[in-house]
Amino acid sequence: MKTIDDLIDEGQVAGKRVFVRADLNVPLDGETITDDGRIRAAVPTITRLAAAGAKVIVASHLGRPKGEPDPAFSLAPVAARLGELLGADVAFAADTVGDSARATVAALADGQVALLENLRFNAGETAKDDAERGAFADALAALADTYVGDGFGAVHRKHASVFDLPARLPHAAGGLIATEVDVLKKLTEDVARPYAVVLGGSKVSDKLGVIDHLLDKADRILVGGGMVFTFLKAQGHEVGRSLLQEDQIPVVTEYLERAAAKGVEFVLPVDVLGATEFPDLKTKAPASPVAAAVDAIPADVLGLDIGPESRKLFAAKLADAATIFWNGPMGVFEHPDFADGTRAVAQALVDSDAFSVVGGGDSAAAVRILGFDEDAFGHISTGGGASLEYLEGKTLPGLAALEG
């Protein structure tokens with residue numbers, strides 16, 4: 001896979017229009033960015049290209065608009081924040097391939113940066129039809145001379161700007177994608193052991209593929225979050241009103257049996273913290289938490305976090321690990337009454353001597369929201385879904401396109 005170093009050496013950057021497919025899909029509260037981690041992660045590659053004399057055209061999606069303009073998903077606030085982080089003005093195009101985009105790109109001088117409007121405002125970006133997607137890729141390619149893929153959070157999508165566009169231009173991986181791939185190789189090839197994996201989040205169905213693959217890779221798998229209640233039910237426990245995917249119980253049971261046969265340690269909580277009602281995440285009003293052992297969860301309680309004894313257990317199981325991968329919070333970390341489980345796992349990663357990887361998505365958001373120093377972790381991924389699919393052994397379209 002070529003990198004931007006190769007493009008610079010080949011003369012594909014200086015004075016050229018370089019299209020950077022970044023992942024600037026940040027959470028917004030109105031027009032306020034609540035977590036700018038993905039924007040900050042994109043800055044080094046953009047800075048490098050601008051310093052090398054490129055006319056840098058940055059593009060990204062944001063949210064899930066329906067293939068047409070929607071002001072709620074505009075990248076305008078992102079353009080402003082990107083400019084602050086770069087310390088330079090970022091020109092903003094009000095469309096993706098229309099008059100504004102063409103004029104904005106044409107006005108760029110060497111070393112300047114522009115951001116196109118949300119790629120998903122054009123239905124061709126996410127189209128299943130190859131011809132429709134290809135037509136949009138053709139229009140994007142007309143804006144640029146060279147392509148740099150740096151949006152790791154989108155490389156598992158077969159979208160026009162991720163999969164089709166690289167085939168139309170000289171292309172290479174940006175620094176962020178190169179780093180992400182190097183890190184993921186450390187989790188799949190010649191892994192330092194013991195290798196512990198922590199999985200959380202709401203639905204067990206979202207993690208089945210990665211669990212299946214990791215049963216041949218990991219030494220220890222710790223499970224928390226809403227997904228754990230399907231495991232607990234499979235073990236014969238009643239889970240009250242907790243999130244439960246009953247249709248997944250047979251699969252979960254099989255995984256527990258396979259883990260035991262392979263000598264992979266499955267670590268489940270011994271207690272949970274819950275409430276009779278889901279907490280108010282806007283007001284953060286006290287939620288009257290209820291603590292219960294996993295074999296004594298009250299019928300009217302929904303589990304919302306791992307309990308205090310489980311926090312100690314999980315920390316102990318991570319203390320001697322040489323490699324740790326964590327994806328998914330242990331509970332409803334957005335509410336202070338149910339954040340301690342996620343905080344305990346993050347602290348355990350910080351306290352360990354392991355090479356620790358936070359697998360993007362809600363886990364990365366939790367690390368920042370809970371106030372941890374990002375430098376205390378080995379790596380914080382910018383792509384939760386992409387990381388999981390890589391660990392499942394899947395071919396990621398965006399990476400395959402960059403290797404072509």
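**Close-up 1. Arg 193 and Asp 219 join their side chains in a salt bridge, with N and O 3.0 Å apart.** This view, like those that follow, comes from a predicted model. Arg 193 sits in the loop between α7 (175–186) and β9 (195–199), and Asp 219 in the loop between α8 (208–214) and β10 (220–223), so the pair ties together parts 26 residues apart in sequence. Arg 193 is partly exposed at 45% relative accessible area, and Asp 219 is partly exposed at 27%.

**Close-up 2. A salt bridge brings Arg 17 together with Asp 145 (3.1 Å, N to O).** Here distant parts of the chain are linked: Arg 17 belongs to strand β1 (residues 17–21), while Asp 145 lies in the loop between α5 and β7 (146–149), 128 residues apart. Relative accessibility is 26% for Arg 17, which counts as partly exposed.

**Close-up 3. Arg 64, Lys 66, Lys 128 and Arg 157 form a positive surface patch.** Look for Lys 66 in the loop between β4 (55–59) and α3 (76–86); this residue is exposed, at 76% relative accessibility. Lys 128 is in the loop between β6 (113–115) and α5 (130–141) and is also exposed, with a relative accessible area of 78%.

**Close-up 4. Helix α13 (residues 361–369) has buried residues Ser 363, Ala 364, Ala 365, Ala 366 and Val 367.** Their cover includes β15 (323–327), α12 (340–351), β16 (355–358) and β17 (379–380). After α13 comes Gly 371, with a positive phi near 85°.

Key: Residues numbered from 1 in each chain as written. Predicted model: local features only at pLDDT ≥ 70, side-chain atom pairs only at ≥ 80, totals over all residues. Heavy atoms only, no water. Patch = residues over 30% accessible without salt bridge, like charges linked within 9 Å, V, L, I, M, F, W, Y side chains within 5 Å. Areas by Shrake-Rupley, 256 points an atom, 1.4 Å probe, with all protein chains shown as cover. Salt bridge = Lys/Arg side-chain N within 4 Å of Asp/Glu carboxyl O. Lys, Arg positive; Asp, Glu negative; His and termini not counted. Charge placed at Lys NZ, Arg CZ, Asp CG, Glu CD. Helix = DSSP H or I, 4+ residues; strand = E, 2+ residues; numbered from the N terminus. Buried < 20%, exposed > 50% of the residue type's maximum accessible area, 1.4 Å probe, protein only. Contact = heavy atoms within 4.5 Å.
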